[in-house]
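Subject: Handing over the structure

Hi,

Here is the structure I promised to pass on to you. Please open it alongside this message, and I will walk you through what turned up.

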Amino acid sequence: MPSSVMPMPRQGGGGGPRPPAAVTVTGLRKSYGDKTVLDGIDLHIPAGTVFALLGPNGAGKTTTVHILSTLVAADGGRASVAGHDVDTAPDGVRAAIGVTGQFAALDNLLTAEENLLLMADLLRLGKREGRSRTRELLERFEIADVAGQRAATFSGGMRRRLDLAMTLVGRPEVIFLDEPTTGLDPRSRRTMWETVRSLVAGGTTVFLTTQYLEEADQLADRIAVLDGGRIVAEGTAEELKARIPGAHVRLRFDDPAAYERAAEVFAGAARDDENLALRVAGDGGLDALRALLARLDTAGVRATGFSVHTPDLDDVFLALTGRGADTALHPAEENQR
Amino acid sequence: MSTLGYTVHDSMTMLRRNLRHAVRYPSVSLGPALLPILMLLLFVYAFGGALGAGVGAGSGQDGGRAGYLEYLTPGVIVMGVAAGAMSTSIAVCSDMTEGVVNRFRTMNISRSSFLTGHVVGSVVQTLAGLLLVVGVALALGFRSGAGPLEWLAAAGLLAAIAFAVAWLSAALGLISRTVESASNKPLLIQFLPFLGSTFVPTSTMPSGLRWFARHQPFTPMTETLRGLLTGSPVGSAWWISLAWCAGIGVVGYVWARSLFHTTTKR
């Protein structure tokens with residue numbers, strides 16, 4: 001176990017079936033002026049798990065993180081983090097959490113090492129421990145070779161790593177990661193994922209917000225879908241996937257006449273007239289595909305392209321938030337031609 | 001550690017951070033000293049002959065360039081304190097617009113330490129800049145009859161002015177949404193010494209302006225410093241100066257503090 005993470009949190013007394021909650025939220029509300037950002041959300045996040053809050057821009061993800069990390073006061077409802085009420089015991093919350101926001105929160109004028117030492121000083125770690133902790137985190141996040149360079153000169157990925165390292169100086173029990181991989185290249189994204197996994201392996205609770213469904217699917221034990229200030233669905237990735245229609249095959253045509261003929265052949269298929277595409281229900285298995293292509297051949301219709309679609313979180317998301325779930329094309333489906 | 005102990009510890013950490021910035025970017029931290037030094041050179045060499053004759057006659061000092069240098073030096077030193085306002089408000093505002101303040105706010109640290117670090121850091125930087133100004137004045141031939149006690153009192157007065165100006169500038173930095181506007185707002189403070197007894201005695205001004213010049217805070221401050229360094233009469237100026245410092249400092253402190261506590265994320 002890396003020495004930089006917390007040991008497993010103590011389990012609740014009596015060995016109850018439910019582990020202690022790291023975050024509990026009931027009826028949380030927040031508006032800015034006329035605009036309701038959070039319209040009564042409830043969350044229960046067991047300690048030592050990864051929770052993902054998934055939603056489009058403007059859904060209220062960042063506001064939720066701000067309230068839970070004591071940056072912003074809620075208008076209504078209750079929230080407690082690591083056993084401390086955010087409203088009545090904010091210092092208790094602050095002592096238990098680490099926050100890495102969407103934009104790297106570091107001191108650009110200081111070097112990477114000085115940034116970490118600043119955290120150690122503010123956490124009152126003492127000189128020796130502060131130095132050893134700084135060294136350890138510089139190594140772990142692979143920024144030791146640039147430790148003496150100013151943070152302003154760092155690339156996006158390095159800034160994010162330094163930011164997370166600063167968050168971890170105090171060995172927080174609960175970590176909030178607000179869109180931790182937005183704007184990162186794929187390699188940095190994978191590194192971030194590895195880091196999150198190692199944190200959880202060490203018993204830390206991670207509260208993650210993301211717009212990337214793959215990210216939630218990869219990392220989270222439980223996912224809540226936030227849209228328009230409300231939780232529209234919550235569960236494991238599997239549970240959410242089970243809530244949406246099954247697999248389908250999408251057929252694309254260039255020629256409107258061919259499209260119409262195919263629509264007659266597959267009378268039950270959903271039409272997408274604008275794109276001349278048909279959505280035919282089916283599990284995408286080899287035999288089903290063979291049968292489908294045979295029917296096209298028999299009818300003498302030539303399709304320009306086809307794609308097999310198995311349900312993923314994208315579908316869940318689109319189905320639940322109702323934004324273009326049926327009409328919008330997925331980028332992955334546009335790769336024929 | 002007690003609550004006070006935490007506050008002191010965290011404020012010292014923030015002060016070290018501020019001074020590290022200052023040492024790394026001397027052009028920013030010593031920049032405010034540039035204006036008074038340029039004024040000193042310009043007014044002593046270009047205008048000193050003429051002004052010295054006029055001012056000398058008006059204030060009872062010896063005329064000429066040397067006399068004017070003696071009159072002007074305390075004024076530009078006070079001007080140097082006012083010039084420090086801009087770097088304070090810029091430093092506070094740029095911290096606020098970057099994410100680092102939100103990190104501080106999610107940590108279990110003394111809330112006031114962030115502003116205290118900035119303000120004390122500004123006072124230290126301003127006083128360091130003033131050493132440069134005094135150095136240039138001495139090089140130009142300024143000679144003070146002040147003893148150690150007067151110099152000490154002068155340093156105390158300047159520190160008090162710097163402290164008051166820094167709290168007010170911190171508040172100006174907090175109400176500014178961009179660094180550009182944070183650099184504009186303190187211009188008023190920086191300009192105020194021009195409408196006082198910095199360059200010419202207020203008695204030479206037209207009546208309306210004269211009233212303003214006599215009653216604005218920098219005039220008694222300048223007169224007090226002038227008295228300490230050159231032996232001119234101080235009168236009631238010293239306690240009026242200290243009252244202004246206390247008033248500006250308290251208003252700036254309360255304003256900045258409440259802004260910092262209520263400002264949510266930008």
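Let me start with chain A, whose domain assignment gives domain 1 (18–235) and domain 2 (248–334). The centres of these two domains, taken over C-alpha atoms, are separated by 40 Å. Please keep in mind as you look around that this is a predicted model.

Is Ile223(A) buried or exposed? It counts as buried, because 26 C-beta neighbours lie inside 10 Å of Ile223(A) and the cut-off for a buried residue is 20 or more. If you set aside its neighbours within four places in sequence, the contacts of Ile223(A) are Ala52(A), Leu54(A), Ala216(A), Gly235(A), Ala237(A) and Leu240(A).

Arg124(A) is not a glycine, yet its phi is positive, near 55°. You will find Arg124(A) in the loop between helix 3 (112–122) and helix 4 (127–140) of chain A. Arg124(A) has 17 other C-beta atoms within 10 Å, so this residue is partly exposed. Leu276(A), also a residue other than glycine, has a positive phi near 55° too. The loop that holds Leu276(A) runs between strand 12 (270–272) and strand 13 (277–281) of chain A. Leu276(A) counts as buried because it has 20 C-beta neighbours inside 10 Å, and 20 is enough to meet the cut-off.

Now to the place where the chains meet. How many residues does the contact take from each chain? There are 24 from chain A and 19 from chain B. On the side of chain A that touches chain B, the elements giving two or more residues are helix 2 (90–96), strand 6 (97–100) and helix 3 of chain A. Helix 3 of chain A gives the most, with four residues. By class, this side of chain A has 13 nonpolar, five polar and six charged residues.

Chain B has 13 helices and zero strands. Its C-alpha atoms fill a box of roughly 60 × 35 × 30 Å along the principal axes. The radius of gyration of chain B is 19 Å, which agrees with a compact globule, because one of 266 residues would have a value near 18 Å. Of the 266 residues in chain B, 48% are buried. Take the contacts in chain B between residues at least 6 apart in sequence: 78% of them join residues at least 24 apart.

Finally, have a look at helix 13 (residues 237–262) of chain B. This helix has 26 residues and reaches 37 Å from its first C-alpha to its last, close to the 38 Å expected at 1.5 Å a residue. Which residues of helix 13 of chain B are buried? They are Ala237(B), Ser241(B), Cys245(B), Ile248(B), Gly252(B), Tyr253(B) and Ala256(B). An α-helix has 3.6 residues a turn, so residues three or four places apart point the same way. The buried residues of helix 13 of chain B pack against helix 7 (113–140), helix 8 (148–175) and helix 12 (218–230) of chain B.

Enjoy exploring, and write back with any questions.

Best wishes

Methods:
Residues numbered from 1 in each chain as written. Chains lettered and ligands numbered in written order. Predicted model: local features only at pLDDT ≥ 70, side-chain atom pairs only at ≥ 80, totals over all residues. Buried ≥ 20, exposed ≤ 12 C-beta atoms within 10 Å, placed from the backbone. Rg over C-alpha atoms; globule rule 2.2 N^0.38 Å. Contact = placed C-beta atoms within 7 Å. Domains from an automatic or database assignment. Nonpolar A, V, L, I, M, F, W, Y, C, P; charged D, E, K, R; others polar. Expected span 1.5 Å × (residues − 1).
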